[in-house]
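Here is my notebook from a morning with one structure. Have a look at the picture, then follow my entries.

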Amino acid sequence: MNKDKTGPSRRQFLTSAAAMGAGAVAATGARAAGPDPLITEVQPWARGFGDGVDATRYGLPIRFEEDVVRRNVEWLTADTISSINFTPIHALDGTITPQGCAFERHHSGAIELAKQDYRLMINGLVDQPLVFTYADLERFPREQHVYFLECAANTGMEWAGAQLNGAQFTHGMIHNMEYTGVPLRTLLAEAGLDAAGDFKDKWVYVEGADASSNGRSIPMEKAMDDVLVAFKANGEALRKEHGYPVRLVVPGWEGNMWVKWLRRVEVMDGPVESREETSKYTDVLADGTARKWTWVMDAKSVITSPSPQAPISHGHGPLVITGMAWSGHGKITRVDVSKDGGKTWETARLAAPGEDKALTRFYLDTTWNGEEMLLQSRAMDETGYVQPTKAQLREVRGLNSIYHNNCIQTWHVKASGEAENVEVS
């Protein structure tokens, strides 16, 4: 439930500020000393022609936004060939991630594979092994869905305490795009599944065409549900780093299963137990045993502004607190925001009703007068699941985990408006 608000409303503040003249809502809140030449004088950009429609063959961000880019953490991996870069979530709004700044993870580098050289094999316990070209895939009925992809290691470095000072680095192993493709079940049906018999204990093994292959096992139940063989993202061809020309989309499940440059799907009697599902992408518990098959990404959220890379710079008065929430179990139904480290909570406004296994944007419109804050967000999904604190996660899983850290994140906002990553567990 929303807390009662005191003091002047946002509308009253902005109305009175406007009445004071230009510059009234500057950081000092002071009255403008005189006419603002940016209003009263004709500026250089209004004195001549701009670029023609053929100035750039593919539109690029304007130079004033050149800092909104993916970033790597140099010490995180031995080199950039098998590494990660992070979505600049602190600088984005809405929910759709542009492909050009969307998180990427490679195990042996991003390869170049032309459409005409692409092949996808369906084999194993099928009636007729088949090989599809890219052109073949385009002839099947296709679907479009918006889904988030989150690396299981997202926020993993925060398990032992506050580590990286920026939402891009703590939570940026995620993107949310509209994928177009053919349901995997359609291609499996084309090959015929009578030979597989009862699906109950059947799996598919998927692998990519790159040197690592990144093979993963997926239960047949999931494969026949919402898994997509995708060849477009946000309406255009996949980028090279996102698996051009074809990748797998496994909604709500950890990103390592979304195999890029998809080349083979084999129907099998059981899982392969590959490197990526045994020594990696499992959760080591306090007693040294490891949980495996923890595919689903539980409900999670993060405040993207204010945050360490997006400090408050406009001074006192109206403030928009915003962030993202998501759940691999389905739709986000509610997000609460705390300004005092979890002692009290206010219900945020969802920009739109939550979508299945997709990012949801939330806002809390408030007033800030220079007080220090411990900002947190807490997501809830349609199953009733509530995002836990780090202490609650540690109770169950100890201190050895890396993957599947969906704890509540805290930003300490100082009187200056700057913010830093702290732990309030």
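I began with Lys202, which counts as buried at 12% relative accessibility (buried means under 20% relative accessible area, exposed over 50%, partly exposed in between, with a 1.4 Å probe and protein chains only). I then found that Lys202 forms a salt bridge with Asp269, with 3.8 Å between the closest N and O atoms. For a salt bridge, a side-chain nitrogen of Lys or Arg lies within 4 Å of a carboxyl oxygen of Asp or Glu. The pair links distant parts of the chain, 67 residues apart: Lys202 sits in the loop between α5 (184-191) and β7 (203-208), and Asp269 in the loop between β12 and β13 (283-284). Helices (H or I, at least four residues) and strands (E, at least two) are DSSP runs, numbered from the N terminus. Asp269 is exposed, with a relative accessible area of 57%.

**Entry on the ground rules.** I noted that this is a predicted model, where local features need pLDDT of at least 70, side-chain atom pairs count only at pLDDT 80 or more, and totals for chains, interfaces and linings use all residues. Residues are numbered from 1 along each chain as its sequence is written, and side-chain values use heavy atoms, leaving out hydrogens and water.

**Entry on other salt bridges.** How many salt bridges does a search of the whole structure find? I got 27. Asp356 is partly exposed at 30%, whereas Lys357 is buried at 12%. I also saw Glu420 and Lys414 meet in a salt bridge at 4.0 Å, N to O. Glu420 is partly exposed at 28%, and Lys414 is partly exposed at 29%. Glu207, Arg263, Arg264 and Glu266 are linked in a network of salt bridges.

**Entry on the backbone.** Which peptide bonds did I look up as cis? One runs from Tyr244 to Pro245, with omega near 10 degrees, and Pro245 is in the loop between β10 (236-237) and β11 (247-249). Another joins Ser305 and Pro306, with omega about 0 degrees; Pro306 is in the loop between β15 (300-305) and β16 (317-326). I also checked Trp261, a residue other than glycine with a positive phi, near 50 degrees. Trp261 lies in the loop between β11 and β12 (262-268) and is buried, with a relative accessible area of 2%.
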